[in-house]
Amino acid sequence: GASATGQVGATAANGAILIGTGSSYDVSFLRSNGSFAAGVPSSSQDFEVQANLTVNTGDLTVSAGFLNTGTPTTLTISSGVVTATKSTHFIGSQGAAAADDLVTINGGSNGDILILAPLSSSQVITVKDGTGNLQLSGDFVMNGGHERMMLQYYNTAWYEISRSDNN
């Protein structure tokens, strides 16, 4: 049926709605098992939304111009190691010790962004440069409860993007 001037819509065997002209389609939409996907036929084409768009994947929300990574969860250091499971984490020391070193962060895929914060001002966390898989501009001591460090994962290592000491 007609979906816009000069545009036709068709339904593919998988239930996708295809919009375009003739046998060439400019965009496709698919809803399956509670999920919705939209796509264009090649990476050289853009897909633009001319309205407010809300994307909610549980922990990551994009809405009204803000990116929200959700409430941080706590990771506790074990022998210098934590395993990231989402984009924001509080870091606690092993056994709630007064101080601990973070040398390795497991988890992550190329391009992942990670934001770390200390769990408590009573647990001093030193994020160590070059000891494990952390490539930083030097060690970073998180000792006031308000510090933040942003990292990006690439080829087995986490690279520092920025740090903020807000004491």
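1. The largest nonpolar core of this predicted model has 19 residues, and the members that touch the most others are Ile91, Leu102, Ile105, Val127 and Leu151. At least two residues of this core come from each of four strands: E14 (113-118), E15 (124-127), E17 (140-142) and E18 (148-154). The biggest contribution is that of E18, which gives 3 residues.

2. Setting aside residues up to four places away in sequence, Val127 touches Leu102, Leu134, Leu136, Asp139, Phe140, Met142 and Met149. Leu102 is, like Val127, one of the core residues that touch the most other members.

3. Gln123 is worth a separate look. Its place is the loop between E14 and E15, two of the strands that each supply at least two residues of the core. Is Gln123 buried or exposed? Its relative accessible area is 10%, so Gln123 counts as buried, the limit for that being under 20%.

4. On aromatic rings, the count is 1 aromatic pair. The pair consists of Tyr153 and Trp158 in an edge-to-face arrangement, with 5.0 Å from centre to centre and 65° between the planes. Tyr153 and Trp158 are both buried.

Terms used: Residues numbered from 1 in each chain as written. Predicted model: local features only at pLDDT ≥ 70, side-chain atom pairs only at ≥ 80, totals over all residues. Heavy atoms only, no water. Phe/Tyr/Trp six-rings, centres within 6.5 Å; stacked < 30°, edge-to-face > 60°. Buried < 20%, exposed > 50% of the residue type's maximum accessible area, 1.4 Å probe, protein only. Core = buried A, V, L, I, M, F, W, Y, C linked by side-chain atoms within 4.5 Å. Contact = heavy atoms within 4.5 Å.
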